[in-house]
Amino acid sequence: MATTGVQFVDNVILSFNRISNEKKETFLKLLILSITAILSFSTRLFAVLRFESVIHEFDPYFNFRTTRFLTEEGFYNFHNWFDDRAWYPLGRIIGGTIYPGLMLTSAVLYGVMHVINVTIDIRNVCVFLAPLFSSLTTIVTYHLAKELKGPGAGLVAASMIAIVPGYISRSVAGSYDNEGIAIFCMLLTYYMWVKSVKTGSIFWSTLCALAYFYMVSSWGGYVFLINLIPMHVLALMLTGRFSHRVYIAYSTVYCLGTILSMQIPFVGFQPVQSSEHMAAFGVFGLCQIYAFVDYVRSQLTQKQFEFLLRTLVITMGTLVLAVGGVLTATGKISPWTGRFYSLLDPSYAKNNIPIIASVSEHQPTTWSSFYFDLQLLVFMFPVGLYYCFSSLTDANIFVILYGVTSVYFAGVMVRLMLVLAPVMCLLGGIAVSSLLSVYMKNVELWGYSKSKKQKKVDHSYPIKNEVAMFVIFMLTLFLVYYTFHCTWVTSEAYSSPSIVLAATQHDGSRIIFDDFREAYYWLRQNTPEDAKVMSWWDYGYQITAMANRTILVDNNTWNNTHISRVGQAMSSPEEHAYEIMRELDVSYVLVIFGGMTGYASDDINKFLWMVRIGGSTKEGEHIKENDYYTPQGEFRVDKEGSPILLNCLMYKMCYYRFGEVYTEQGRPTGYDRVRNAEIGNKDFELDVLEEAYTTEHWIVRIYKVKDLENRGN
């Protein structure tokens, strides 16, 4: 048997040696790319291996719920679905308020697998969809980097994006969110765009428009694409690189892409009405004018052309400004949204729209986050830019613009690190590939010698071989360290589902906190089917998906007034809060409390945002943030805390009966392990609420709203 095995290996090696070098190179590329795709999928499975196949976070639960509805009820019912479980008493029209690409992709995969007799639950399709698309993303990244630099850069870039934490954070198994497929769609659109510009082919331009349509159907971040591509065309105009190839590519992509994107109900007429899309429309108009001017120039003398051009510029400029001003003033062109203003001015949301500023992923990015999510790529990024500038092409200008703009936007909003990570990998791949190409030529391998006549000594560079070996060694060391860093970050930081919590005890053993599912299961089994649950908006999607109960607000955050009303109830004394709860027909109130276990993402730590949002509308003008601070300007829950804070509804719901409990040895009762303080209000009873259920570790607390007293008694 051993002899047979050796003979088989020898035959394989012999057959491989007979293959031409070109085929060997192709085989190695396919092998490396296949390993990279498998690595990309498998490195995202930590959460499934450690916990179970479960949906993560908050938004993914809404996506899972709608996908399940789509597979059970069909597309027609899905498209016309009115969800009466959300935003009570308003409800929500699902088909017209979502990007359906994610749900349709999962439903199609689910249907295809059932056709070929692969039995799988729709939940598992949703759990593993993001890792699957991350594998496809590595392949698209290879082809895009290959167009920019070459196959070597493509393989390095694909390997980098397979494990980069900035992308993994949104694509681990269970992270069933729009971004899971959107990055694939974005890079596919960019690849098709680069091919379109290089070839000037209507075929590639049409494929680019179709890829853009898939992107629009999947994620609201498509606005970045439809502004970046026109910016590229404008840059080509300004640098004298505009040609018929660019004209054909952009005209086809803009016309087809705009028409297709308008087929998404949630997008509608925004591509021709909103300010975010006007840059694309303006550049499309410039392309037509540019082409018309070129044609007229060929038909007229220089003097006639200059006169006509001067007249045309003045007339068209005045006309465009006048029409644009009238349309904007009459509301035909909608102004920029608050999120868009936040990208231009990071302080805008904090000063004007607290609901946007309250979301953690909308906060500015710290320098440590850049290194944490990108590591080596932070240093390779400028090197890649240098190599792109050193050999400017139409495609390189595009990736330069992509890199510079995404760095700015990622600095403004931490969520957009996701958009930065791919271009970091592209430029990092170009940098590493270029450096290796330069220094590998200077390496003299052992055993390789030349005759004295052939060997030339460069006296200006006496230690060329040693320098090359050192650079290659250091680069290899950095790449190995990059791999270890990415694996550690993925394992420790991005593979913990928020629905199931884990902590390490003093003896090194792990303890699991499954309070969220425990509470939602209790709601599902022990409350009336028509019960209305009030909670902060973070938990709305999970309550509707797992408890199947009606909620007042959820993560869609489309109605600031409604959310403000909930914030007012949470930050008011019981008597006033009861009036609001009766007004909203609330049956149960759910709060998240971490003082017992040390869970820091609880409602007390989010409470000031409830105060700010609650006080941002006319009904909540009486709620002032300063009233919840001490005279010294501190937010404290101990006896030094503000009396208004210590008697508001949120404080009482979180700390009810907590004053009787010991949380740590050597500490008094009622010691909050998150705030590291003994609570200031221990001995109180609830007047308008009664405790309905508290989970094992006190993380979720549910209260029932009492009925009005019978006045006949």
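In which sense do β7 and β11 pair, and over how many bridges? In this predicted model, β7 and β11 pair in the antiparallel sense, and five bridges join them. One place to look is leucine 590, whose bridge partner in β11 is isoleucine 702. On another side of the pairing pattern, β5 and β7 run in the parallel sense over two bridges, and here valine 533 has tyrosine 588 of β7 as its bridge partner.

These strands belong to an open sheet of five strands with mixed pairing, in the order β6-β5-β7-β11-β10. The edges of the sheet are β6 (550-551) and β10 (689-694), each of which pairs on one side only. Strand β10 runs antiparallel to β11 (residues 700-705), to which five bridges join it, and glutamate 690 stands opposite lysine 704 in β11.

## Buried elements

Strand β7 (residues 588-592) has five of its five residues buried, so the strand is largely enclosed by the rest of the structure.

## Aromatic rings and charges

The count of aromatic pairs in the model comes to 38. In one of them, the ring centres of phenylalanine 372 and tyrosine 494 are 6.2 Å apart and the planes stand at 75°, so this pair is edge-to-face, given that angles over 60 degrees are classed in that way. Phenylalanine 372 lies in helix α20 (residues 367-374), whereas tyrosine 494 lies in the loop between α24 (464-492) and β3 (501-504), so the pair ties together parts that are 122 residues apart in sequence. Phenylalanine 372 counts as partly exposed, because its relative accessibility is 26%.

Elsewhere, Tyr190, Phe224, Phe398, Tyr402, Tyr408 and Phe409 form one aromatic cluster. Rings also meet charged groups: the charged end of arginine 510 sits over the ring of phenylalanine 51, 5.2 Å from its centre, and arginine 612 lies over the face of tryptophan 609, at 4.4 Å from the ring centre.

## Cysteines

The count of disulfides comes to zero. For cysteine 287, the nearest cysteine sulfur is that of cysteine 255, 10 Å away, and cysteine 287 counts as buried because its relative accessibility is 0%. Cysteine 654 is likewise in no disulfide, with the sulfur of cysteine 648 as the nearest one at 8.6 Å, and cysteine 654 also counts as buried, at 0% relative accessibility.

## Aspartate 538

Which residues does aspartate 538 contact, once its neighbours within four places in sequence are left aside? They are Phe58, Asn555 and Lys606. Aspartate 538 is found in the loop between β5 (532-534) and α26 (540-547), and with a relative accessible area of 12% this residue is buried. Its C-alpha atom is separated by 22 Å from that of valine 637, a residue 99 residues apart from aspartate 538 along the chain.

Note on methods: Residues are numbered from 1 along each chain as its sequence is written. This is a predicted model: local features need pLDDT of at least 70, side-chain atom pairs count only at pLDDT 80 or more; totals for chains, interfaces and linings use all residues. Side-chain values use heavy atoms; hydrogens and water are left out. Rings of Phe, Tyr and Trp (its six-membered ring) pair if their centres lie within 6.5 Å; planes under 30 degrees apart count as stacked, over 60 as edge-to-face and the rest as tilted. Helices (H or I, at least four residues) and strands (E, at least two) are DSSP runs, numbered from the N terminus. Buried means under 20% relative accessible area, exposed over 50%, partly exposed in between (1.4 Å probe, protein chains only). A charge sits over a ring if NZ of Lys or CZ of Arg is within 6 Å of the ring centre and within 35 degrees of the ring normal. Two strands pair if DSSP finds at least two bridges between them. A disulfide is a pair of cysteine sulfur atoms within 2.5 Å. Contact means heavy atoms within 4.5 Å.
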